[in-house]
Amino acid sequence: MRSRFGWLALWITLAAGCRTTPDETPSGTQVATDSNEPAPFPVWETGKNRSADEPTPESRFEFLTRLYDADEDGRVTAEEYGREPETFARMDRDEDGVLTAEDFAEGQPLLSPSQRNERRRRLAAELFAKSFQQDDDLELGLEEVEASFRDYDADGDGAIVVREFARHFATLNIEPPRGAPPGFNPFPLFRAEIARGDDQLTMENVRAYFVSQDKDGDGRLVPARRAEAPKVGELAPDFTLSPPKGGDPVTLSSFRGDRPVALIFGSYT
Amino acid sequence: MQFYVVYIREAHAVDSPAPMGGDGAPLVEDPRSLHERQEVAQVCMTRLALEPMPALVDELDDAVNQAYQAWPDRLYLIGTDGRLVYAGEPGPFGFKPKQLEDAIAAYLSER
């Protein structure tokens with residue numbers, strides 16, 4: 001799997017005409033430190049960028065046990081983990097209070113039971129968003145959402161499973177993410193739930209969500225607008241940020257009247 | 001012509017809602033501080049041999065990421081008047097370096 005910048009790296013390499021091989025990539029990138037500095041934040045390679053002397057965890061669970069399993073019993077307790085309880089809970093898929101290999105096993109449902117409730121809320125929100133897209137005015141009543149629900153509920157059993165969402169997505173003329181390949185499935189991450197058929201959204205869930213969102217209790221929702229990205233011709237939002245190694249901050253607008261700027265946003269994963 | 005990589009929130013950190021890693025992809029947790037973010041950014045720049053370009057690190061409030069709706073990745077070109085000349089679609093599907101390259105070539109040849 002290519003990392004997020006992988007294609008860009010290739011492009012840069014070719015554009016710069018200075019092809020590098022992984023062997024030539026500088027090693028020891030865990031930022032050299034003297035003893036006074038905090039330990040480097042671990043970033044471990046599993047692919048071709050890995051150097052010979054580097055730890056070689058091949059899975060997310062192995063990575064986490066190397067960081068947090070202080071007593072080396074192959075399990076990570078909440079105390080050992082020591083970071084945010086929500087993050088621990090998200091990873092503890094079977095909700096047994098300890099991170100084990102099973103939590104990260106292939107085919108393990110992506111969500112724990114309590115997270116599944118949260119996901120139902122999100123499915124409901126998705127349903128509302130789709131209802132809104134098909135609506136002419138800027139408000140949404142419960143009856144419109146219920147109509148959308150029946151649209152989605154292909155087999156009419158009163159429950160929408162993720163599979164029905166995905167199928168409906170394809171027929172609705174609602175645009176998938178721009179540039180998505182044909183047949184793009186917006187819910188690939190929920191295959192385990194789909195296979196088990198247990199991730200359902202019922203009309204009751206939908207009504208409950210509606211009530212929870214209808215803060216002023218007037219029976220109408222005004223869905224929040226998604227923030228929009230700046231468009232061609234608009235002034236680029238200004239910012240001042242610093243380089244990773246420290247040093248002088250850079251202000252975007254300082255290039256105005258001087259030279260054009262290309263911004264390449266991304267992360268390592 | 002000035003290039004900047006802007007390092008933003010990790011897309012598929014080990015402890016994120018959409019985790020990846022292993023099988024060839026790097027393993028990293030979502031940075032919790034600006035210092036951690038700077039470290040991951042530096043590893044990223046070095047390992048992917050992006051260092052011919054300078055990098056900037058978005059702060060933990062994700063303000064610049066928000067302003068540009070940049071997550072998980074995105075490309076922009078800004079003209080000398082400070083206005084956007086090219087605005088790519090959000091990644092991964094909309095992340096198209098060739099489009100940026102063409103936009104840069106067209107912009108520079110017009111001047």
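A helix axis here is a line fitted to C-alpha atoms over the stretch in contact, and angles between axes run from 0 to 180 degrees between N-to-C directions. Keep that in mind for the first stop in this predicted model.

Start inside chain A. Helix 6 of chain A (residues 142-152) and helix 9 of chain A (residues 203-213) have axes that come within 11 Å. They cross at roughly 150°. Angles over 145 degrees count as roughly antiparallel, and helix 6 of chain A and helix 9 of chain A are therefore roughly antiparallel to each other. The crossing is right-handed. Helix 6 of chain A contributes Leu142(A), Val145(A), Glu146(A) and Phe149(A) to the contact. Helix 9 of chain A answers with Met203(A), Val206(A), Arg207(A) and Phe210(A). By class, this contact has six nonpolar, no polar and two charged residues.

Now move to the interface. Here 71 residues of chain A are in contact with 77 residues of chain B. Several elements of chain A give two or more residues to this side, including helix 2 (60-68), helix 4 (85-91) and strand 10 (261-266). The largest share, seven residues, comes from helix 1 of chain A. The side of chain A that touches chain B has 41 nonpolar, 18 polar and twelve charged residues.

Five strands form an open sheet in the order 3(B)-1(B)-10(A)-4(B)-5(B), with mixed pairing. Strand 3 (55-57) and strand 5 (84-87) of chain B stand at the edges with a single partner strand each, so one side of each has no neighbour in the sheet. Neighbouring strands are turned by 20° against each other on average, direction ignored.

Follow strand 10 of chain A to both partners. Strand 1 of chain B pairs with strand 10 of chain A in the parallel sense over six bridges. There, Gly266(A) has Tyr7(B) as its bridge partner. Strand 4 of chain B (residues 74-78) runs antiparallel to strand 10 of chain A, joined by five bridges. In that pairing, Leu263(A) is partnered with Tyr76(B).

Helix 1 of chain B (residues 34-47) lies across strand 1 and strand 3 of chain B, at about 155° to strand 3 of chain B. Helix 3 of chain B (residues 97-110) lies across strand 10 of chain A together with strand 4 and strand 5 of chain B. Helix 3 of chain B runs at about 5° to strand 4 of chain B.

Finish in a loop. Ser16(B) sits between strand 1 (2-7) and strand 2 (27-28) of chain B. Ser16(B) counts as partly exposed because it has 19 C-beta neighbours inside 10 Å, and buried would take 20 or more. Ser16(B) and Asp30(B) are 14 residues apart in sequence, with their C-alpha atoms 6.9 Å apart.

Conventions: Residues are numbered from 1 along each chain as its sequence is written. Chains are lettered from A and ligands numbered from 1 in the order in which they are written. This is a predicted model: local features need pLDDT of at least 70, side-chain atom pairs count only at pLDDT 80 or more; totals for chains, interfaces and linings use all residues. Helices (H or I, at least four residues) and strands (E, at least two) are DSSP runs, numbered from the N terminus. Angles under 35 degrees count as roughly parallel, over 145 as roughly antiparallel, 65 to 115 as roughly perpendicular and the rest as oblique. A crossing is left-handed if the near helix is turned anticlockwise from the far one by less than a right angle, and right-handed if clockwise. Two residues are in contact if their C-beta atoms, placed from the backbone, lie within 7 Å. Ala, Val, Leu, Ile, Met, Phe, Trp, Tyr, Cys and Pro count as nonpolar, Asp, Glu, Lys and Arg as charged, and the others, Gly among them, as polar. Two strands pair if DSSP finds at least two bridges between them. A residue is buried if 20 or more other C-beta atoms lie within 10 Å of its own, exposed if 12 or fewer, and partly exposed in between; C-beta atoms are placed from the backbone.
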